[in-house]
Amino acid sequence: MALDVLGVIPARLASSRLPRKVLREIAGRPMICHVYARAKGCSLLSDLLVATDSDEVIATCHDHGIPAILTAPDHPSGTDRVWEIAQGRAADVYVNIQGDEPLVTQGHIAALVAPFLSRADTQVTTLKIRATAEEIGDPNTPKVVCDPRGRALYFSRHAIPYDRDRRGDTPYWKHLGLYAYTGAALHVFHSLPPSALERTERLEQLRFLEHGVAITVVETHEPTIGVDTETDLLAVAARLAGR
């Protein structure tokens with residue numbers, strides 16, 4: 001089954017923890033260029049573009065031959081920005097490739113799209129990877145627990161599940177903030193106000209779960225580094241340099 005799959009890279013210029021991060025240079029190129037180049041290699045994408053709130057990001061993309069669209073400045077999340085793109089560009093599946101994920105791989109995107117090819121009832125997909133010992137207790141690292149079918153039960157900044165008996169053999173899964181959605185799922189998300197659990201945890205994907213939209217979670221073995229700090233930026237530069 002062939003699907004029309006649109007990749008969208010939300011790229012908000014303002015960032016409280018690392019200002020202007022999507023334009024920060026890594027190995028001589030703005031970060032947004034690394035994200036685009038790595039995602040572009042995935043043959044499952046019918047098209048790929050940047051969605052931004054900044055004329056400066058638009059200009060940078062233009063200089064590097066990257067298609068970019070100016071979107072509303074007041075979107076509270078990348079998902080809302082992808083929703084705006086969906087209003088003018090029909091597709092079977094929309095892949096949200098965060099603009100601060102310069103280590104995204106073709107494998108990540110393929111894993112996000114795969115459930116839509118095998119199950120007609122798939123609405124939203126995302127990724128998980130085994131959490132390291134340091135990440136388990138880090139509130140900046142969201143965790144996810146799933147049912148036996150691979151559907152998300154809950155996402156949390158807390159270490160879930162709680163190992164009450166200290167068995168030590170409980171797997172913990174880190175959530176990677178890459179998503180794919182149907183247009184209908186995007187409409188549900190955007191039409192609803194932030195949910196109670198979403199506001200508490202500050203995790204937008206909980207809005208889907210609280211309103212009965214299933215999220216299929218696919219395991220990946222390819223780690224990423226989402227860039228939120230100067231330390232993250234240096235870690236990505238080192239990874240790209242092969243160190």
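Colleague: What is the accessible surface of the protein, and what share of it belongs to carbon and sulfur atoms?

Modeller: This is a predicted model, and its accessible surface comes to about 11600 Å². Carbon and sulfur atoms hold 52% of that area.

Colleague: How many residues count as buried?

Modeller: The share is 50% of the 243 residues.

Colleague: How many helices and strands are there?

Modeller: The protein has nine helices and eleven strands. Its radius of gyration is 17 Å, close to the 18 Å given by the globule rule for 243 residues, so the protein is as compact as a globular protein of that length. Along the principal axes, the C-alpha atoms fill a box of roughly 55 × 40 × 35 Å.

Colleague: Which share of the contacts comes from residues 24 or more positions apart?

Modeller: Counting contacts with a separation of 6 or more, 67% are between residues 24 or more positions apart.

Colleague: How do the charged side chains read?

Modeller: There are 26 positive and 30 negative side chains, and the centres of the two sets lie 4 Å apart.

Colleague: Take K21. Is K21 buried or exposed?

Modeller: Buried means under 20% relative accessible area. K21 has 9% relative accessibility, so K21 counts as buried. The residue sits in the loop between β1 (5–11) and β2 (25–26).

Colleague: Which side chain does K21 pair with?

Modeller: The side chains of K21 and D228 are joined by a polar contact of 3.0 Å. Beyond the neighbours within four places in sequence, K21 is in contact with residues including L13, M31, D100 and V227.

Colleague: And R151: where is R151 found?

Modeller: R151 is in the loop between β8 (143–146) and β9 (152–156). Its relative accessible area is 16%, and under 20% means buried, so R151 is buried. The side chain of R151 makes a polar contact with the side chain of D121, at 3.2 Å. Residues up to four places away in sequence aside, R151 touches R119, D121, V145, C146, A214, I215 and T216.

Colleague: Where does T220 lie, and which residues is T220 in contact with?

Modeller: T220 is in the loop between β11 (215–219) and α9 (230–240). At 6% relative accessibility, T220 counts as buried. Leaving aside neighbours within four places in sequence, its contacts are H108, L127, K128, I129 and L176.

Colleague: How far apart are T220 and I129 in sequence and in space?

Modeller: They are 91 residues apart in sequence, and 5.4 Å apart in space, C-alpha to C-alpha. A polar atom of the T220 side chain also lies 3.1 Å from the backbone nitrogen of E222.

Notes. Residues numbered from 1 in each chain as written. Predicted model: local features only at pLDDT ≥ 70, side-chain atom pairs only at ≥ 80, totals over all residues. Heavy atoms only, no water. Helix = DSSP H or I, 4+ residues; strand = E, 2+ residues; numbered from the N terminus. Rg over C-alpha atoms; globule rule 2.2 N^0.38 Å. Buried < 20%, exposed > 50% of the residue type's maximum accessible area, 1.4 Å probe, protein only. Contact = heavy atoms within 4.5 Å. Areas by Shrake-Rupley, 256 points an atom, 1.4 Å probe, with all protein chains shown as cover. Lys, Arg positive; Asp, Glu negative; His and termini not counted. Charge placed at Lys NZ, Arg CZ, Asp CG, Glu CD. Polar contact = N/O pair within 3.5 Å; in protein donor to acceptor, adjacent residues only side chain to side chain.
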